[in-house]
Amino acid sequence: MITTQNLLIKPYRVEDSERFFKSITDNSEYLYDYFANMIKVNDSLESTKKYLEQKEIDWQENKSYACGIFSNQELIGHVSVREIDWRIPKGELAYFIFKEYSGHNYAAEALTAFKNWCFATKKFNRLFMKIAEENAASIKVAERSGFVYEGLLKKDYRKREEDLTDMKIYAYTENLELVRTTSQNADFASLIVKLDENLASRNGDMQEYFNQFNKVDAIKHVIIAYINGIAVGCGAIKQFDNDSVEVKRMFVSDEYRGRRIASKVLNELENWAKELGYASTVLETSNVQTEAVALYTKTYTVIENYGQYAGIETSICFKKEL
């Protein structure tokens, strides 16, 4: 189940049959050019039940993932990835928004969220779409969702009884870049705002206490993680004592979690610390930061709470010899 600001994207269940069948039937003319087969296999309520039953099976067997797009509990569209090649892994993505709900930017919102889910949860390395050359609206949605034009398939698709149509290939892959910078970087400042909002929602009143130790004005060693040019995560180190640095301000934006970005940022910070001549790293996190605790426990040792964290029951302190 995927949630966005306006949408809920979730796997189909047989209980969705009636509203799915009605929506497909009501939009058959609108969808026919590019989803003719879906309309044909949903020509009755009984066939729709069988169709959604198969979608559940395909999901369980990791053959394809098909979801309904919902807004205010109303089914407004469809998104799926199929033809999955798990050797890469890669798959073909398709979507539509029913006619009465078009024009609200729902398509790009759903496509972006579903794409991120595929990469974070199912560990895809490539998603692609085939879009008719004349389908300007879908091309615009693809580009807004981060997909890039890769090439043209000549005479690859036939709409109704028309001549063959050229199809454009739009694909999404991810390129992670770790950049060394300082706390004066504007992208770092933007990520810190998100981090502090996240921490405040988790730590409650205690966050006011922690804020005094999280000043970043003069930090000289910052790592920012970029995916396809977008700043998605960060971390920093500052001197703790003559032999150690303290890891600070570790964060990854919600929609990009699950890609091991945090562990890569942490590893780069540790490499940087070694280059600077330090022998160890220390850090503190809260016990409500379950993802952070899980990350640090893999390679760090829990130590007695140091300095300002002594006596703070929610704090967990770690150390690693470099």
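This is a predicted model: local features need pLDDT of at least 70, side-chain atom pairs count only at pLDDT 80 or more; totals for chains, interfaces and linings use all residues.
Local features are reported at pLDDT of at least 70 and side-chain atom pairs at pLDDT 80 or more, whereas totals for chains, interfaces and linings use all residues. Residues are numbered from 1 along each chain as its sequence is written, and side-chain values use heavy atoms, with hydrogens and water left out.

The protein contains nine helices and 15 strands, taken as DSSP runs numbered from the N terminus (helices H or I, at least four residues; strands E, at least two). Its C-alpha trace spans about 75 × 40 × 35 Å along the principal axes. Of the contacts (heavy atoms within 4.5 Å) with a separation of 6 or more, 64% join residues 24 or more positions apart.

Of the 322 residues, 49% are buried, that is, under 20% relative accessible area with a 1.4 Å probe, protein chains only. The accessible surface, from the Shrake-Rupley method with a 1.4 Å probe, comes to about 16,900 Å², and carbon and sulfur atoms hold 47% of that area.

A nonpolar core is a set of buried Ala, Val, Leu, Ile, Met, Phe, Trp, Tyr and Cys residues joined through side-chain atoms within 4.5 Å. The largest has 73 residues, among which Ile 9, Leu 93, Phe 114, Phe 147 and Tyr 296 touch the most other members. Helix H4 (residues 106-121) supplies the largest share of this core, ten residues. Beyond its neighbours within four places in sequence, Ile 9 contacts residues including Met 1, Cys 67, Val 79, Ala 110 and Phe 114. A second, separate core comprises 13 residues, including Phe 188, Leu 195, Val 222 and Cys 234.

Methods:
Buried means under 20% relative accessible area, exposed over 50%, partly exposed in between (1.4 Å probe, protein chains only).
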